[in-house]
Amino acid sequence: VCKVWDSSDEPPPGGRSEEDCIFEYPPDLRTFTADLSRLLRTCNDAAVNSFCYRRLQRNESRFQLYVMEHEATEVTEQRKVPHRDFYNSRKVDTHVHLAAAMNQKHLLRFIKKRVK
C-alpha cells in the first residue's frame, strides 16, 4: 500500500495522518469481498450481458459505417503526413505460421552451429 500526500503542504508537527492522504485508503477485506461479489453478480446477470452485447454490436456497426464513409479521407490524411513510418501504418500483417518455427532440437543445433 502506498500513501501519497500533496507536497505543497507543510507536514504537521506530529507527522501526517491518514486523513491527509490524497488517495482513498484501501478497504478492508470484508468490504472488498462484498464489492467483488456484487460486481460478479452484475457481470453474470443475463439482462446485463444481453444489453452489453447489443451495445457492443451497435458500436461496432457504427464504427464500420464510419470507416466506410471516411476511408478515403483518412487515407489521404495519412499520405500527407511527412514522417510516415511503421507506427503510422494503417495495417500490419501479424499472421505467423507456428509450423515454420524451430523446435528445441533445431534451435540448439542452430546455436551450436553459429557458435562454432
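Guide: A residue is called buried under 20% relative accessible area, exposed over 50% and partly exposed in between (1.4 Å probe, protein chains only). By that rule, 1% of the protein's 116 residues are buried. The model is predicted: local features need pLDDT of at least 70 and side-chain atom pairs 80 or more, while totals for chains, interfaces and linings use all residues. Residues are numbered from 1 along each chain as its sequence is written, and side-chain values use heavy atoms, without hydrogens and water.

The accessible surface (Shrake-Rupley, 1.4 Å probe) is about 11600 Å², with 57% of it on carbon and sulfur atoms. Among contacts (heavy atoms within 4.5 Å) with a separation of 6 or more, 3% join residues 24 or more positions apart.

The protein has three helices and zero strands, in the order α-α-α; helices (H or I, at least four residues) and strands (E, at least two) are DSSP runs, numbered from the N terminus.

The part to look at is helix 3, residues 104–115. At its start, a side-chain oxygen of N103 comes within 3.3 Å of the backbone nitrogen of K105.

How values were computed. The expected span of a helix is 1.5 Å times one less than its number of residues. A polar contact is a pair of N or O atoms within 3.5 Å; within protein, one must be able to donate a hydrogen and the other to accept it, and residues adjacent in sequence count only if both atoms are side-chain atoms.
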